[in-house]
Amino acid sequence: MAQVGIVMGSDSDMPVMAKAADVLEQLGVSYEMTIISAHREPDVFFEYAKSAEEKGFKVIIAGAGMAAHLPGMCAAIFPMPVIGIPMHTTSLGGRDSLYSIVQMPTGIPVATVAINGGANAGILAAKILATSDDALLQRVKDYAADLKEQVKAKDAHLQEVGYKNYAK
């Protein structure tokens with residue numbers, strides 16, 4: 001049974017949402033990924049959000065662009081945490097998505113990550129789940145330690161070759 005629902009309004013969101021899925025896989029967290037348009041198929045969306053708790057989801061990660069209603073509507077129906085990912089848009093650079101997701105009315109919170117912040121949404125979902133799962137908490141700590149080691153290795157390389165010869 002999946003612990004995290006990942007939902008997006010369009011397949012154009014897939015590159016960002018896949019980053020959330022990749023992090024969850026790396027941390028050993030089960031998920032289910034779905035494409036549902038809150039505007040184009042509201043009946044399908046409402047059934048998804050209403051049945052998410054019954055399916056065993058503990059967190060929903062919802063990505064949306066432009067009007068970006070998907071995360072907020074998930075939060076209005078699903079009683080557990082919802083993490084919103086605002087998608088970059090061509091017209092306003094994602095600020096429209098960000099404002100739509102982050103400016104929720106009192107009582108309907110959506111934890112919101114950066115525009116196109118798929119990886120951070122996956123990490124945040126894992127951290128939420130880790131509050132009641134010691135093994136997952138250790139994997140999250142190991143993930144953070146690995147990030148630290150990556151930075152140290154990059155600095156060591158910089159010190160070795162100098163900034164003019166540094167290649168990523």
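The structure is a predicted model, in which local features need pLDDT of at least 70 and side-chain atom pairs count only at pLDDT 80 or more, while totals for chains, interfaces and linings use all residues. Residues are numbered from 1 along each chain as its sequence is written, and side-chain values use heavy atoms, with hydrogens and water left out. Helices (H or I, at least four residues) and strands (E, at least two) are DSSP runs, numbered from the N terminus.

**Largest pocket**

- The largest pocket holds about 370 Å³ of space. A pocket is an open set of points on a 1 Å grid over the protein atoms alone, where a 1.4 Å probe fits, with protein on both sides within 12 Å along at least five of seven lines. Its volume is the space filled by probe spheres set on the points, which are joined across faces, edges and corners.
- The lining has 20 residues, and the closest to the pocket centre are Gly9, Ser10, Arg40, Gly65 and Met66. Lining residues have an atom within 4 Å of a point.
- Strand E3 and helix H3 each supply at least two residues of this lining.
- By class, 8 lining residues are nonpolar, 10 polar and 2 charged. Ala, Val, Leu, Ile, Met, Phe, Trp, Tyr, Cys and Pro count as nonpolar, Asp, Glu, Lys and Arg as charged, and the others, Gly among them, as polar.

**Loop residues**

- Met66 sits in the loop between E3 and helix H3 (69-77). Its phi is near 60°, a positive value in a residue other than glycine.
- Met66 is exposed, at 54% relative accessible area. Buried means under 20% relative accessible area, exposed over 50%, and partly exposed in between (1.4 Å probe, protein chains only).
- Asn116 belongs to the loop between strand E5 (111-112) and H5, and its phi, near 65°, is also positive in a residue other than glycine. Asn116 is partly exposed, with a relative accessible area of 31%.
- Most residues other than glycine have a negative phi.
- Ser37 lies in the loop between strand E2 (31-35) and helix H2 (42-55). Ser37 counts as buried because its relative accessibility is 9%.
- Beyond its neighbours within four places in sequence, Ser37 is in contact (heavy atoms within 4.5 Å) with Gly9 and Pro42.

**Helix H5**

- Helix H5 (residues 118-130) has 13 residues and reaches 18 Å from its first C-alpha to its last, close to the 18 Å expected at 1.5 Å a residue. The expected span is 1.5 Å times one less than the number of residues.
- Several H5 residues are buried, including Gly118, Ala121, Ile123 and Leu129.
- The buried residues of H5 pack against strands E1 (4-8), E3 (59-64) and E4 (82-86), and against helices H1 (14-26) and H6 (134-161).

**Salt bridges**

- There are 2 salt bridges, each defined as a side-chain nitrogen of Lys or Arg within 4 Å of a carboxyl oxygen of Asp or Glu.
- Glu32 is partly exposed at 30% relative accessible area, and Lys55 is partly exposed at 31%.
- Glu149 and Lys152 form a salt bridge (3.7 Å, N to O). Both lie in helix H6, 3 residues apart, about one turn of the helix.
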